[in-house]
Amino acid sequence: MLNNKKILIAGLANKHSIAAGIARAMHAQGAELAFTYQSERLKRNVEKIAEELGSSILIECDVASDQSIDMMYKELKTHWGSFDGFVHSIGYAPANELEGNFIDAATREGFQIAHDISSYSFTAMAKAAKPMLNDNAALLTLTYLGAIQSLPNYNVMGLAKASLEANTRFLAAALGPDGIRVNAISAGPIKTLAASGVKNFRKMLTSYANRAPLRRPVTTLEVGNVAAFLCSDLASGVTGEITYVDGGFNTAAMSIEEYVD
Ligand code: NAD
């Protein structure tokens with residue numbers, strides 16, 4: 001599905017990252033991959049997975065800084081003159097915002113950080129990538145149900161994901177005339193480093209598995225397979241969409257077990 005496609009993966013922290021499942025799935029479909037890592041601390045983890053997937057392109061990039069993003073693309077250009085898209089699998093909010101009552105936990109600073117790192121960075125990465133993107137390129141980001149429904153502890157990340165979903169639609173409209181597609185996957189909860197920042201995440205995972213029609217959590221590889229499809233030419237007519245990979249959770253108001261006593 002992805003033969004001859006060069007795709008940049010941003011947001012790999014370790015083997016449990018959703019970006020790791022996406023990288024594996026894209027590699028299996030024939031993509032050539034490059035990776036960014038947030039800081040020196042995560043470099044070794046990313047290096048190991050990149051090696052396994054036949055990639056030696058690893059570039060540091062902190063999406064909080066436009067300079068860091070520009071330097072990353074400058075270095076990428078020394079390997080790839082142009083490329084076919086990127087995956088933005090990045091989100092962050094200060095830990096104290098992700099527990100307790102939303103109105104008590106919310107701060108101006110936390111709001112700004114969450115929106116900057118979790119939403120604006122997608123625009124920033126797209127803006128700087130544009131001159132290097134091939135025709136038919138595809139961009140992809142990762143969102144969560146908290147964008148459209150409230151739930152405990154997710155708090156300001158829900159607002160940031162709502163912004164990210166709007167960002168997906170506006171980027172799709174802005175880049176569509178150039179043939180570039182922009183989509184998002186709304187993944188079900190998966191135990192990763194970022195997820196462990198949300199208080200009582202384990203409980204969320206249990207209640208999710210009880211209600212989801214498939215009655216189990218999704219895997220990063222299942223998210224990856226849909227990511228591979230969305231970034232391939234098989235999805236050439238799809239842009240601006242939020243695609244759910246959540247075992248059907250968002251489609252079910254209640255499970256039979258919750259309803260019957
Ligand atoms: P993860 O911790 O493995 O990945 C998050 C990544 O964001 C890390 O690689 C981290 O380095 C990166 N990041 C944070 N701040 C950054 C910065 N300033 N510059 C560069 N990179 C930065 O966790 P994950 O669950 O794989 O998260 C990936 C994406 O998937 C996030 O957007 C997350 O919100 C989203 N998501 C996760 C779940 C879940 O349950 N795990 C569900 C739906 C959506």
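Modeller: Please note that this is a predicted model. Setting aside residues up to four places away in sequence, Ser55 touches Leu33, Ala34, Phe35 and Ala50.
Biologist: Where is Ser55 placed?
Modeller: Ser55 sits in the loop between α2 (40–52) and β3 (58–60).
Biologist: Is Ser55 buried or exposed?
Modeller: Ser55 counts as buried because its relative accessibility is 7%, and buried means under 20%.
Biologist: Which backbone oxygen lies 2.7 Å from a polar atom of the side chain of Ser55?
Modeller: That is the backbone oxygen of Leu33.
Biologist: Changing topic, how many salt bridges does the structure hold?
Modeller: There are seven salt bridges. One of them joins the side chains of Arg44 and Glu47, at 3.0 Å from N to O. These two residues are three apart in helix α2, which means about one helical turn separates them. Arg44 is partly exposed at 43% relative accessibility, and Glu47 is partly exposed at 24%.
Biologist: What about Asp178 and Lys130?
Modeller: Their side chains meet in a salt bridge too, at 3.5 Å from N to O. Asp178 is in the loop between α6 (156–175) and β6 (181–187), and Lys130 is in the loop between α5 (108–129) and β5 (133–143), so the pair ties together parts 48 residues apart in sequence.
Biologist: And which residue meets Arg211 in a salt bridge?
Modeller: Glu258 does, at 2.6 Å from N to O. Arg211 lies in helix α7 and Glu258 in helix α9, so this pair ties together parts that are 47 residues apart in sequence.

Note on methods. Residues numbered from 1 in each chain as written. Predicted model: local features only at pLDDT ≥ 70, side-chain atom pairs only at ≥ 80, totals over all residues. Heavy atoms only, no water. Helix = DSSP H or I, 4+ residues; strand = E, 2+ residues; numbered from the N terminus. Buried < 20%, exposed > 50% of the residue type's maximum accessible area, 1.4 Å probe, protein only. Polar contact = N/O pair within 3.5 Å; in protein donor to acceptor, adjacent residues only side chain to side chain. Contact = heavy atoms within 4.5 Å. Salt bridge = Lys/Arg side-chain N within 4 Å of Asp/Glu carboxyl O.
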